[in-house]
Amino acid sequence: MQCSSVRKATVLAAAFLGLGPALARAAEPLGTWLTEDGRARVRTEHCGPQNAHLCGYVVWMRKPKDDDGKMRLDRENPDPQKQARQVVGHQMLLGLKRNDAGRYEGKVYNADNGKFYDVQVWSETAGELTVKGCMLALFCGSQSWKQVADVLPGQLEAPTNAPGGPRADKEWAPKTPPGATPAAKVSAPR
């Protein structure tokens with residue numbers, strides 16, 4: 001309860017000082033983020049029923065090609081149907097749900113080893129995303145990702161599931177009613 005009171009007081013103080021919109025943006029972890037090690041950029045956006053979840057997609061990699069000069073494939077994926085997909089463009093944050101603390105939690109997929117881990121994602125400061133992952137709930141670590149606005153060569157820019165954009169896993173892809181034309185999903189601001 002005390003945390004909730006502090007949060008309310010912070011929001012009220014920010015609104016009084018004219019910082020309300022900036023604080024609101026910082027709390028919603030949407031956009032394109034450079035991972036702490038600089039190996040990838042991940043675009044986060046709302047997904048799922050009523051857009052109540054958070055999904056994340058690898059939209060750029062420092063080394064998108066393997067030693068043979070071919071695009072890296074998701075060869076370690078336990079789902080044989082996904083082993084031929086490219087790592088750039090795959091979904092790694094799998095429909096995270098907002099918890100009582102206002103953080104998103106659920107599963108993250110690691111294409112390096114084909115394993116899924118528990119993860120929490122949140123933003124307390126504009127331009128910074130905290131990603132905390134746990135393996136077996138015993139070994140946990142956090143990373144700080146920085147928001148980016150520029151576009152690098154090879155970065156996917158198009159909306160999710162559109163040509164030139166990342167691809168949602170089938171369980172998180174927007175559902176199109178029979179006979180309807182799929183509409184391009186608008187991506188979150190970078």
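I looked up the side chain of Lys 82 and found a polar contact of 3.4 Å to the side chain of Asp 169. A polar contact is a pair of N or O atoms within 3.5 Å; within protein, one must be able to donate a hydrogen and the other to accept it, and residues adjacent in sequence count only if both atoms are side-chain atoms. The model is predicted, so local features need pLDDT of at least 70 and side-chain atom pairs pLDDT 80 or more, while totals for chains, interfaces and linings use all residues. Numbering runs from 1 along each chain as its sequence is written, and side-chain values use heavy atoms, without hydrogens and water.

I placed Lys 82 in the loop between β3 (53-61) and β4 (91-98); strands are DSSP runs of E, at least two residues, numbered from the N terminus. Lys 82 counts as buried because its relative accessibility is 17% (buried is under 20%, exposed over 50%, partly exposed in between; 1.4 Å probe, protein chains only). Leaving aside neighbours within four places in sequence, I noted contacts (heavy atoms within 4.5 Å) from Lys 82 to Asp 74, Asn 77, Asp 169 and Glu 171.

Next I followed β7. Strand β6 (residues 115-125) pairs with β7 (residues 128-135) in the antiparallel sense over 6 bridges; pairing needs at least two DSSP bridges. I found Trp 122 bridged to Thr 130 in β7. The β6-β7 hairpin has 2 residues between its strands, and Gly 127 in the turn has a positive phi of about 85 degrees. On to β8 (residues 139-147): 8 bridges join this strand to β7, again antiparallel. I saw Cys 134 opposite Cys 140 in β8.

Terms used:
Helices (H or I, at least four residues) and strands (E, at least two) are DSSP runs, numbered from the N terminus.
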